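Please look at the structure first and then follow the steps.

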Amino acid sequence: MTVKMKTSLSDDGRSLSKRDELSQSVRSRLPFLLVGLFCVAGLMGPVAQATLGGSPDSIKSDRESNAKTQARKFSAVKTDKQGAFEFKEYSHASHRVRQYYSGDKVFAVTCSGRTQCDHKQLLGAYSDEFDAELQKSRALHRGLRAPIQISSEHLTGSIVSNGRIFISKIVLKDAAPADFVLEEMP
Amino acid sequence: MNSRLSRIAASFLGGLALSACSGGGSSSAPTPSALPPICTKGLAAKSRPPQNPIKVLGGSVTTCATAANPTASTCANNQMPLVIGDTTATYYDINSPQTSVKICAPGSTTNCAIIDSILVDTGSSGLRLFPSAFSSAGSTLASNGLPGVTVFGQTGTLYECQGFLSGNAFGPVGKADLYFGGTNYTGEMVSGVSVHVMDPSGANGSSICPNPISASQFNFNGIMGVGLAVQDCGSFCAVGANNADVYFNCTGGSSGTCTNIGVPTNKQVTNPIALLATDNNGVSMSFPAATVCSGDGETPLVAGTLTLGIDTQTNNSTSALNLYPADQFGNFTTVYNGATYGSAGATDGSGNPTTLAFIDSGSNGLFFTDKIAQCGSNLQGFYCPAGREALSGVIKGATGSAAATVNFDVADNTNALNAGDYALLNLGGSFNNPTGFDWGLPFFYGRTVFVGFVNKSAHSGAWTGPYWAF
């Protein structure tokens, strides 16, 4: 599976250490570079976390990052199960965000709320792929409110709305367990 | 094609009248002989008219036809004509009901524009216009000619980012006087309404409102939302701390500095019909069944009516109708193929629905989940069964209403569309995964569907919105 990864705080250490093109001298300075990255990120405010495809802990940092910079009241992150699948969830006044994970990887995200969810935030490294698919689906001339279908190289899912509530369900195909059924996701 | 022609021949041999091809859904038990045949006209593909993204017809449609009165007649003061398809129709216009409105600067009767081709949408609330809509012949009102709405304590002007699945509508909010209905827009008038000018210039690429829609994406000049809600966001957006990312105070225009703010409901973009003096408790949309599917590429226009008010005049009585209340999320219940969607469907544990069921003129097909074969090419995402699929769903109100079985059918509309038909009764599309049932525009053919606004009563006070009735 080839996945284009963007810079992200939760998995930077892992991805940077794998890059062959980094010189040994740079490798030796990696801890300092990472500290620097964290400082810059802190100054810049909220950064899109590696949610889909990332660590299950990313939802916690995602929630904390948003809560620090926004006036909304955020719930604590809770962990629960839907059938056989574990998820982490938080909510605020306008949305509820849920990440399903298996082992150390988030394989599906769902979001529902009064307005469209911030898919860039939710999908992290896959947001560009998602955007391309979104534009393709929107070009099908299905009116203002026909469901958006997502079916790209790595993603499958949908966004639906009746004008009053928006529901997004996106799955990372190759990472989802074999017995995972999209329909079972609230 | 041969097999298709055979099916058509069989349908004729079966004694089914072609004129019945637009019979609309019914609430009786499905029987094959009662279902309308597939639209058979226009099997030979004709070249479509060139795409013309913005139509300006000059308010040429002035008659109103309904399911009960298919012969178009003069519009009453509380009636607005609807059209689906015209000589400039494109794929963008499939099942897209459009009307026209006269808009004036507040207090002026001369600084005005008549704007045609406005999509009538029962799934949103408020009037939204593309800037190019103001360039109609005879218009003396520019898109930036409406005074901007300001919010107490803010120095800038109000902008909005309103989400549609087809993209985000972004631009300034202005105040206007609106005229609709009757002869030459003299029927009803409302003053000082907050309307949305969908001008994404300056917002592209910004984080304020990603993927803004523009006129070039559509073949209409704007959207008139006459849905269940009175405001397009309501009390949720009145609280700044909710940080809803819907309303912004912008200084220096949309490319200047924009800050997410809470906006009092009386300043928000508002369903203009809800502000009328009397006919303000809802609307009804009606299309005659007999004209649907009759187009052969020569007369593709289908006419209908939007009637303002519910039980306020003799032409909007609900005496013989059934009530289907909606819940706070704009859902009722639909059961299809054993799955329950909407208000009686699954929730996320916090009471929020995880599926949807609703009636929506802004969706150009009936969207639901099934294993029916899908189309390719220009109808990708729609169902294209080999023959007609006779189907049914059960509709029930969110609270206290009887269940009704609604019969409908889905067919391959490729040939009809190629022939220039844009009113397609049998158009169904996929939901991809089972998260809802969207009763789109085909549901309106052969019916009069009432939309009751939130907290407004009708039916001698027995009905209070939000609800649908038909």
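A residue is called buried under 20% relative accessible area, exposed over 50%, and partly exposed in between, with a 1.4 Å probe and protein chains only. The model is predicted, so local features need pLDDT of at least 70 and side-chain atom pairs count only at pLDDT 80 or more, while totals for chains, interfaces and linings use all residues. Residues are numbered from 1 along each chain as its sequence is written, chains are lettered from A and ligands numbered from 1 in the order in which they are written, and side-chain values use heavy atoms, leaving out hydrogens and water.

**Exercise 1.** Classify the ring pair of F368(B) and Y383(B).

Solution. Rings of Phe, Tyr and Trp (its six-membered ring) pair if their centres lie within 6.5 Å, and planes under 30 degrees apart count as stacked, over 60 as edge-to-face and the rest as tilted. The centres of F368(B) and Y383(B) are 5.2 Å apart and the planes stand at 50°, so the pair is tilted. Next, F368(B) is buried at a relative accessible area of 0%, and Y383(B) is likewise buried, at 1%.

**Exercise 2.** Classify the pair of F443(B) and F444(B).

Solution. Here the centres lie 6.4 Å apart with the planes at 90°, so the pair of F443(B) and F444(B) is edge-to-face. F443(B) is buried at 2%, and F444(B) is buried at 0%.

**Exercise 3.** Which cluster do ring pairs form?

Solution. Ring pairs link a cluster whose members include F368(B), Y383(B), F443(B), F444(B) and W439(B).
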